[in-house]
Amino acid sequence: MAEIVTKSMAKGLYYGGSLFFILVFLGLTFHTISLAIPTRDHRDQLNPAVVAGKLVWEKYDCIGCHTLIGEGAYFAPELGNVYKRRGGEFVKAWIQGQPTHVTGRRQMPQLNLTEEELNDLVEFLKWSSEVNTENWPPNVEG
Amino acid sequence: MKYSSQAVAKPYFIAAIALFVGQIVFGLIMGLQYVIGDFLFPYLPFNIARLVHTNLLIVWILFGFMGAAYYLIPEEAERELYSPKLAIALFWAFLVTGVLTILGYLFISYAKLAEVTGNQFWPTMGREFLEQPLITKMGIVIVVLGFIFNLLMTVLQGRKTAINTVFLTGFIGLAALFLFAFYNPHNLVLDKFYWWWVVHLWVEGTWELILGAMFAFVTLKLTGVDRDVVEKWLYLIVGTALMSGIIGIGHHYFWIGPPAYWQWWGSLFSAFEPIPFFLMILFAFYMVNHRRHQHPNQVATLWLLGTAVMSFLGAGVWGFLQTLAPVNYYTHGTQVTAAHGHLSFYGAYAMIVLTMISYAMPKLQGREANSNKAQVTEMWSFWLMTVSMVFITLFLTAAGIVQVYLQRATDTPLPYMTVQDKIAVFYWMREGAALIFTIGVVVYLISFFVDKKERVTT
Ligand code: HEC
Ligand code: HEM
Ligand code: HEM
Ligand SMILES: [Fe+2]
């Protein structure tokens with residue numbers, strides 16, 4: 001087997017093959033970003049509240065316990081569809097009511113969000129739940 | 001050690017090991033929080049323990065890569081490092097930045113940290129693995145650029161080999177892709193799309209070049225086989241890695257907003273991603289069997305073969321397990337993901353760094369290999385850590401499969417928290433295995449202090 005493939009063939013494969021697939025990837029990226037995603041992410045509804053809500057989401061590191069559309073931490077419920085599962089009012093009340101202090105149960109901290117932050121966050125979670133995710137998650141439990 | 005400037009590798013390796021120990025401490029805490037939910041609450045919320053765990057992981061691996069570079073690049077380039085002073089200055093800069101950031105996470109709330117570091121002006125925080133404040137991210141960029149400059153100057157004025165060019169290409173790619181950490185679109189779909197350019201194109205792209213180069217270097221040194229043969233294998237490994245891994249990024253684009261055609265591209269290309277890991281196994285065993293000399297550092301050979309096998313299992317097998325779209329639809333973001341994340345990171349990146357340390361550390365202390373007793377101690381730590389990590393993976397996989405059946409692949413799905421209660425037994429077993437892993441880490445530390453006087457030199 002040592003003789004079938006030579007070092008210069010292997011080198012050519014590395015440089016040529018990589019370059020080729022980088023170009024294909026950039027082509028796919030271009031299509032995805034400029035043609036496909038705009039029809040799927042309902043960006044027309046990306047209002048200032050949604051933008052502010054995303055910053056709230058990031059500032060309090062919700063991703064460190066929760067998943068959002070399946071990405072993040074696996075310690076607490078999926079939140080990409082929590083708006084559909086629970087509704088906006090529940091989410092606000094839930095966050096205000098933390099922690100549960102149930103002994104031994106996983107805890108979510110009291111984050112002391114302002115009313116405005118809560119509203120923005122809910123707008124962000126609503127927007128996130130309406131992205132076209134090819135029907136993921138499989139059911140409302142996330 | 002052929003060149004005196006290779007000695008700058010030593011503090012990098014020591015820092016890597018120290019941060020690795022810290023990572024495990026936070027892993028153990030989280031493992032307990034999984035089953036005793038209010039453990040250390042509210043002093044150390046789970047998310048803080050998690051980001052300390054994962055950030056320490058990334059930083060210690062980077063320290064390991066850099067130490068490896070300072071050791072192998074001069075030797076490959078056949079000249080002294082361009083500037084050992086710069087290397088030491090960057091070491092302290094990186095360590096201080098890292099430690100201050102960790103202290104920031106632990107002693108002020110995350111929201112406060114975001115505020116005082118000006119996150120509101122240029123938001124980059126609060127995304128998985130990229131939690132660092134903006135100034136820390138900038139510090140990382142400066143350190144990495146200085147590092148690349150130093151090594152580039154060394155290689156440009158010295159011998160260029162496949163090993164040092166692939167290594168540097170990997171590091172330049174790593175730095176370039178990290179720039180996407182500074183780009184955080186308001187649109188969550190675009191944010192996620194480019195977030196993977198950092199995360200996936202690191203571990204399944206540029207880091208594989210670094211892994212391959214380190215692997216080839218140690219193989220060359222331990223077996224004494226022909227350089228041309230080693231370099232040919234290196235090209236095959238990194239070539240197949242990039243050809244499958246770049247478009248393989250599609251396995252993350254199934255459900256986060258990009259169009260459905262990624263289900264085909266992602267599944268197809270990532271299905272080939274195990275190939276480079278498989279080639280690494282063939283390469284390692286073939287070379288070790290055809291070695292030209294018996295190197296006295298046996299434990300380094302063990303780490304080398306271990307890296308090949310475990311990275312194939314963790315990245316190749318456990319990655320493949322969940323990479324096809326119809327499977328990923330159910331396993332996405334479950335304990336199955338965590339299982340793969342652990343075995344792949346440990347098997348590929350932790351183990352290659354430990355391999356390099358095992359080979360280079362005795363050399364840096366002026367001997368070919370450690371005494372037999374010290375090597376046997378280190379072998380114990382190898383087996384304790386590696387076998388317990390396999391068990392951690394198996395328990396998490398079991399937890400994940402049950403999770404999928406109760407919560408997703410059913411007509412009567414149960415809520416997340418109900419399911420977590422039902423699979424607690426697997427989390428207890430994971431914590432048990434993690435304790436064994438910790439014992440392995442302690443034995444590893446001890447191995448550095450065994451038989452300090454008796455030394456093998458050849
Ligand atoms: C330290 C970990 C942690 C952090 C940080 C955290 N959460 Fe939670 N969260 C939890 C846990 C654990 C639960 C489930 C608790 C239970 O059921 O008793 C939960 C539950 C929820 C729920 C209810 C979900 C449902 O389906 O009933 C919502 C909504 C929520 N969190 C929103 C957030 C938001 C928004 C943030 C960020 C601002 C956040 N969480 C940050 C741990 C966390
Ligand atoms: C030995 C004790 C360890 C324990 C108990 C442990 C535990 C954990 C836990 C609980 C999480 C968070 C999972 C979640 O989001 O819910 C985590 C994440 C992670 N850990 Fe560990 N860990 C350990 C060691 C390691 C080691 C040795 C490595 C790698 C070398 C590692 C790499 C990771 C990675 C990459 C993640 C993120 C995973 C993902 O996002 O899917 N851990 N760990
Ligand atoms: C050494 C190489 C690798 C490392 C270090 C690695 C690490 C990881 C980590 C940490 C995650 C979790 C990311 C998150 O937190 O969201 C992940 C996810 C994933 N990996 Fe890997 N991986 C490697 C190679 C592979 C390979 C070769 C494949 C496929 C064959 C693969 C397939 C996947 C898939 C499909 C996911 C997404 C899981 C999900 O949907 O939740 N990985 N990987
Ligand atoms: Fe990936």
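Which helix gives the most to the shell around ligand 2? The answer is in the first view below, and the other views move on to each chain and to the place where they touch. Please keep in mind that this is a predicted model.

**View 1. Ligand 2 and the residues around it.**
H13(B) gives the most to the shell around ligand 2, with 7 residues. Two or more residues also come from each of helix H1 (9–35), helix H2 (46–77) and helix H16 (424–447) of chain B; H13 itself covers residues 335–364 of chain B. To find your way, look for Ala73(A), Gly27(B), Met30(B), Gly31(B) and Gly341(B), which come nearest among the 22 residues around the ligand. Because residues from chains A and B surround ligand 2, the site is shared between chains. Sorted by class, the shell holds 14 nonpolar, 7 polar and 1 charged residues.

**View 2. Chain A and its elements.**
Here you can count 5 helices and 2 strands in chain A. Starting at the N terminus, follow them in the order α-α-β-β-α-α-α. The radius of gyration of chain A is 22 Å, well over the 14 Å that the globule rule gives for 142 residues, so chain A is more spread out than a compact globule. Its C-alpha atoms fill a box of roughly 70 × 40 × 30 Å along the principal axes. Buried residues account for 41% of the 142 residues in this chain. Among contacts in chain A with a separation of 6 or more, 64% join residues 24 or more positions apart.

Which residues of H2(A) are buried? They are Val50(A), Gly53(A), Lys54(A), Leu55(A), Val56(A), Trp57(A), Glu58(A) and Lys59(A). Their cover includes helix H5 (115–129) of chain A, along with H4 and H7 of chain B. After H2(A) comes Asp61(A), with a positive phi near 50°.

**View 3. Where chain B touches chain A.**
In this view, 61 residues of chain B are in contact with 60 residues of chain A. On the chain B side, at least two residues each come from several helices, including H4 (110–116), H7 (188–223), H8 (227–248) and H12 (325–331). H8(B) gives the most to this side, with 12 residues. By class, the side of chain B that touches chain A has 38 nonpolar, 13 polar and 10 charged residues. For the complex, the predictor gives an ipTM of 0.97 and a pTM of 0.97.

**View 4. Chain B, built from helices.**
Chain B has 16 helices and 0 strands. Its radius of gyration is 22 Å, close to the 23 Å that the globule rule gives for 458 residues, so chain B is as compact as a globular protein of that length. Along the principal axes, the C-alpha trace of chain B spans about 65 × 45 × 45 Å. How many of the 458 residues count as buried? In chain B that share is 56%. Of the contacts in chain B with a separation of 6 or more, 80% are between residues 24 or more positions apart. The mean pLDDT of chain B is 97, and 99% of its residues reach 70 or more.

Note on methods
Residues are numbered from 1 along each chain as its sequence is written. Chains are lettered from A and ligands numbered from 1 in the order in which they are written. This is a predicted model: local features need pLDDT of at least 70, side-chain atom pairs count only at pLDDT 80 or more; totals for chains, interfaces and linings use all residues. A residue is near a molecule or strand if its C-beta atom, placed from the backbone, lies within 6 Å of it. Helices (H or I, at least four residues) and strands (E, at least two) are DSSP runs, numbered from the N terminus. Ala, Val, Leu, Ile, Met, Phe, Trp, Tyr, Cys and Pro count as nonpolar, Asp, Glu, Lys and Arg as charged, and the others, Gly among them, as polar. The radius of gyration is taken over C-alpha atoms; the globule rule is 2.2 Å times the number of residues to the power 0.38. A residue is buried if 20 or more other C-beta atoms lie within 10 Å of its own, exposed if 12 or fewer, and partly exposed in between; C-beta atoms are placed from the backbone. Two residues are in contact if their C-beta atoms, placed from the backbone, lie within 7 Å. pLDDT is the predictor's confidence in each residue, from 0 to 100.
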